Protein chains: 2
Amino acid sequence: MRPSTLIKRQKIISAATQLFFKQGYPETTLDQIIEQCGGSKQTLYRYFGDKKGILNEVITQGTEEMKSVFQFENDSDTALIKQLNEFGYLYIKTLCSPQLLNMHRIVITESRRDPELAEFFLSRGPQHFHRILTEFLLQQAEQGKLNINKAPLAATRLLGLLKGDFFQEALVGLPCPSEQEIHKSAQQAVKFFLQGCSAPD
Amino acid sequence: MRPSTLIKRQKIISAATQLFFKQGYPETTLDQIIEQCGGSKQTLYRYFGDKKGILNEVITQGTEEMKSVFQFENDSDTALIKQLNEFGYLYIKTLCSPQLLNMHRIVITESRRDPELAEFFLSRGPQHFHRILTEFLLQQAEQGKLNINKAPLAATRLLGLLKGDFFQEALVGLPCPSEQEIHKSAQQAVKFFLQGCSAPD
DNA sequence: AACTTATTGTACTGTTCGGTACAGTACATA
DNA sequence: TATGTACTGTACCGAACAGTACAATAAGTT
């Protein structure tokens, strides 16, 4: 494969990503994609087979980017609550970002036709946050800083509290919360979470 | 308006509801609706104007039904935790029912074109639960059975915990939880909630 | 340069589907 | 039984759009 081919391929994906996330998947026509990135429809079919092939690539790359959003510091000096607050903030912010909201919407719609898409998206996107949070909580519990005996369940609790405030509303198109609101909401949810953890499961 | 007209109208709505919730809104054609309930396309346009007019009616009636799902007993003898457990169970069950999931999906997709649809659906559907829970919590707090000073926020917390386990996954098409799982999940969430309430906001 | 392979642009196909036109039929009311 | 209104069935229109055919052209390779 020529290097120019790879560049072109990436251009198509970028254009498609932009359009899918702005207008939605069924609303975006192949001609629009081409108009944006140049080239010919024929090329598009050569690279991706069909329209859904493009979508798969868009979701793949989109979720890939998400993974780099957050990592817990392995710094045992930083206070637990501070780390959780930071995590909560980034979680809400990411989940309510136009990009992830649109990906969610597309997956919700298209998963009917392609159930694998849903699992793929979930495990790479939202569940990624669950995994790293679980790992962190487990580690904190082992160090005696946190009183939980089922880390995955505890992670679900915290994520639920964090999602609770805005996610459902944002998904149906209500305006996203401001930075300040996200910060405040994350802090309150974390506080509530830690209080809830004070008794055994 | 003749009585037969009302019956016919209702038949169309029922057929549309069934098809929309089974296949989705864009996937359902007007001809399919007619095939199911008899009559003519012309009648359909006479009653509802266009396809979106049918959808509005479907959402209206669908949310209306939901309101009758749950009411707190005004029985101060029944234990708080028992009432919350029952509420939690019905909340998860309703939210993860095929009917409400499909309504959610449709609203998520269509709200782009019709933002009012989202607000309409939210306030009649999901936020209805928030309202009655808030009212109940307020009442319990006044009776000194619960230590909260911001009932709406507390309601958001509990609903977040309840949603947390299954909602996001169910929305993208993963299999719905069993009765048992819902029961267990509701109980655990309620317990966590009450623990979290033990400190002031 | 000669040759091969990848790419482009344009035009086209086939189909789906919301919406309309219209002629004919049931139905209610008087 | 006469008359106007509501309904039905069928056929059609027009637009949108995924996907294809193909001839012309650019880009690599030797």
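Trainee: To begin, how much area do domain 1 of chain A and domain 2 of chain A bury between them?

Mentor: The two domains of chain A bury about 680 Å² between them, and 69% of that lies on carbon and sulfur atoms. Please keep in mind that this is a predicted model.

Trainee: Where do the two domains run in chain A?

Mentor: The domain assignment places domain 1 at 3-56 and domain 2 at 67-196. Their C-alpha centres are 31 Å apart. Each side gives residues to the contact: 7 from domain 1 of chain A and 7 from domain 2 of chain A.

Trainee: And how many salt bridges are there between domain 1 and domain 2 of chain A?

Mentor: The count between these two domains is 0 salt bridges.

Trainee: Let me step back to the chain as a whole. How many helices and strands does chain A have?

Mentor: Chain A has 10 helices and 0 strands. Along the sequence, the pattern is therefore written α-α-α-α-α-α-α-α-α-α. Its C-alpha atoms fill a box of roughly 60 × 35 × 30 Å along the principal axes.

Trainee: Which side chain meets Glu64(A) in a salt bridge?

Mentor: The partner is Arg124(A), at 2.7 Å from N to O. This pair links distant parts of the chain, with Glu64(A) in helix α4 (residues 51-66) and Arg124(A) in helix α7 (residues 115-124), 60 residues apart. Over all chains, a search of the whole structure finds 14 salt bridges.

Trainee: Now to the other chain. How much area do chain A and chain B bury between them?

Mentor: Chain A and chain B bury about 3,800 Å², of which 57% is on carbon and sulfur atoms. On the chain A side, Arg157(A), Gln168(A) and Phe192(A) lose the most area to chain B, together 20% of what that side buries. The contact involves 47 residues from chain A and 46 residues from chain B.

Trainee: How many salt bridges cross the interface of chain A and chain B?

Mentor: The rule finds 4 salt bridges there. Asp165(A) forms a salt bridge with Arg157(B), and the closest N and O atoms of that pair are 3.4 Å apart.

Trainee: At what angle do the axes of α9(A) and α9(B) cross?

Mentor: Helix α9 (residues 151-171) of chain A and helix α9 (residues 151-171) of chain B have axes that come within 7 Å and cross at roughly 80°. The angle therefore makes α9(A) roughly perpendicular to α9(B).

Trainee: Which residues of α9(A) meet α9(B)?

Mentor: Those of α9(A) include Thr156(A), Arg157(A), Gly160(A), Phe167(A) and Leu171(A). Among their counterparts in α9(B) are Thr156(B), Arg157(B), Asp165(B) and Gln168(B). By class, the contact of α9(A) with α9(B) holds 6 nonpolar, 8 polar and 6 charged residues.

Trainee: How do the axes of α9(A) and α10(B) cross?

Mentor: The axes of α9(A) and helix α10 (residues 179-196) of chain B come within 12 Å and cross at roughly 70°. That angle makes α9(A) roughly perpendicular to α10(B).

Trainee: And which residues meet in the pairing of α9(A) with α10(B)?

Mentor: Leu153(A), Arg157(A) and Leu161(A) in α9(A) meet Ser185(B), Gln188(B), Ala189(B) and Phe192(B) in α10(B). The residues of this contact divide into 4 nonpolar, 2 polar and 1 charged.

Technical notes: Residues numbered from 1 in each chain as written. Chains lettered and ligands numbered in written order. Heavy atoms only, no water. Axes fitted to C-alpha atoms, helices over the stretch in contact; angles between N-to-C directions. Helix = DSSP H or I, 4+ residues; strand = E, 2+ residues; numbered from the N terminus. Parallel < 35°, antiparallel > 145°, perpendicular 65-115°, else oblique. Contact = heavy atoms within 4.5 Å. Nonpolar A, V, L, I, M, F, W, Y, C, P; charged D, E, K, R; others polar. Domains from an automatic or database assignment. Buried area = accessible area lost by both parts, 1.4 Å probe.
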